[in-house]
Structures are given as C-alpha cells and as structure tokens.
Amino acid sequence: EAIARQARQSQLPWGGMRVIAVGDFAQLPPVTKNNETRDWAFQSLAWKESGFVSCELKLNQRVQEHDFLLILQDLRRGLPTPKVKEFLNSHLRPHNDKEKSTRLFPLRAQSETFNQTELAKIRKPETKIPSIYLGLEKHVEILKKSSPVPEELILKEGAQVMFLQNDPNKRWVNGTRGTVVEIATDKIVVEKETGRDVTVEKTQFSIQDADGNVIAGLINFPLTLAYATTIHKSQGATLDSLWVDLRRLWEPGQAYVAVSRLRKPEGLHLLGWDPRSIIADPAVLNFLKSP
C-alpha cells in the first residue's frame, strides 16, 4: 500500500487506486517468524485506512450438498460440534495401501516420504527433471518456499500425478489427477482419471513485484506426484477422494482446509482426528463478525 502511494505520488490509500482484496482468513494463516503473533492483513494500519467493505460470497463452487456445507462451516469456525463429531467418526477408516486416493499430511517430510515409497513400487526407470530458476537468489529462495513445484521432479511411466495449475485451454484444473503414460524431453503425456490423454508442456511459475514485474521464476512441468501432498499445498485443489489424519494439527484452519478439498463427503477417508486439531484464530472470528 505504501509503494502504491509512492508510485502514484498521492497520500490517498493505495495512491487513490480502487482495490479489491480477495481471500479467506479462516483458512491457513500467514507464515510469520513468531507463530504467537500472526501478521493478519486486517490488523494492519493500511487495512484500516483502506476502508474496505466486506462482501461474503454465498455460493460454494466446489460443494453442493447442504449437510456437508454445514459441517464445513463448523470446521471453518473451529467448532467440534456434535454433528461434526458424528460426521468425522463416521468416516474413520483403517488405512488401505491399495486405495489410490491422495494422502494429505501436515508435514512436507511425511508427504515426500510417502510419494517416494509409492514411486519406488513401480518397476520402471525414473526420469529426473530439474526445475530451471530465473532471478536473483533471494527472490528465487522465496519462490522455492512458496511454489508447489519441487526443485527436481522425479517421475516414472505409470506414476500417479496431480496438476498444479489451471490450463488456459481448460484441459485440466488445479487438482486434476492422472497417470503418466509417456515422458519425453519437452512433453509428458498424462491419462486423466476420465480416460482422456492430454499432452503437458513445461510452463513458468513466478512471483512479481509491486509493479507486476516478474522478479523470480521457475520452469518445469505443472505436475507433482499425487500419492500425497501437504495440507498447505493442497489449498486451491479440488479432490474427489482423499486420506487424511486430523490428529496433531497445530495451525488454525488446517482441518478445515483438508476436508474442504472434497466435492462430496463420500470421498473422505479419515485415519484419525482430535478435537484439539479443529482450530480457528480468535482474531479471525472477531473479524468475520465485524460488519
């Protein structure tokens, strides 16, 4: 906001620009050095001076079932209500290694270990595809931490993969799953779960400065192994089925983000859950109550 004032040589909020801020503070909180003091945007002086008027979108584009939406609303508010407890208990399952649904883990190390274990079961040669990075080292380091694309993508024919971005040609969306059919230098052919083959080319992921200039980028295929991912990296994805353990979570919104990836409740396979893992930040709840 300060950069906008400076660039437009105006002391009006955002330099006089009209701004729309989009997001859901009830999902995962911002990453801060001190987890005890979360750096919420709505607590900043810039937010207060902006005079934003809150508008709540009512139509859920992912979930259509009314009862499931009510469960998600309670999870979003950090409320382990009786109906939430009944719902979660009804989806407890012993783990089935042969079931192909994506596994969500709270920690990246858990996700990477599971992915590599499953990949090793495929008796075909692996292909290593390093990400190409562009930009200053300090910006590249930020991109490495925020991008869902690994520094080295390791695949095999027959591996389960998930797309990491929406295709402009609408052949896939973020979260679409499939199986690798062919790996070449400049393309990968993936058979989607619908049975249709699509050819995937490398693309660029980037971060920009306040002026919209790309300050760091990486080039690789928009794919990742789909056997497992972290709850954090699953944000934005839509899944038909998943396995998740909702015990020992520590972040507000973590349980809500995990369960709300699903289109339908039938896709939830729950290894365990703990009421202490269903958390909402009090500051966010107060913000959501404000006009």
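Visitor: What volume does the largest pocket have?

Guide: A pocket is an open set of points on a 1 Å grid over the protein atoms alone, where a 1.4 Å probe fits, with protein on both sides within 12 Å along at least five of seven lines; lining residues have an atom within 4 Å of a point. A volume is the space filled by probe spheres set on the points, which are joined across faces, edges and corners. Here the largest pocket has about 1,600 Å³. The model is predicted: local features need pLDDT of at least 70 and side-chain atom pairs 80 or more, while totals for chains, interfaces and linings use all residues. Numbering runs from 1 along each chain as its sequence is written, and side-chain values use heavy atoms, without hydrogens or water.

Visitor: Which residues lie nearest the centre of the largest pocket?

Guide: They are G23, D24, E56, L57 and R76, out of 39 lining residues.

Visitor: How many salt bridges are there?

Guide: A salt bridge is a side-chain nitrogen of Lys or Arg within 4 Å of a carboxyl oxygen of Asp or Glu. The count here is 17. In one of them, K83 meets D74 at 3.6 Å, N to O.

Visitor: Is D74 buried or exposed?

Guide: Buried means under 20% relative accessible area, exposed over 50%, and partly exposed in between (1.4 Å probe, protein chains only). D74 is buried because its value is 9%, whereas K83, at 38%, is partly exposed.

Visitor: Which residue forms a salt bridge with D245?

Guide: The partner is R247, with the closest N and O atoms 2.8 Å apart. D245 is buried at 17%, and R247 is partly exposed at 34%.
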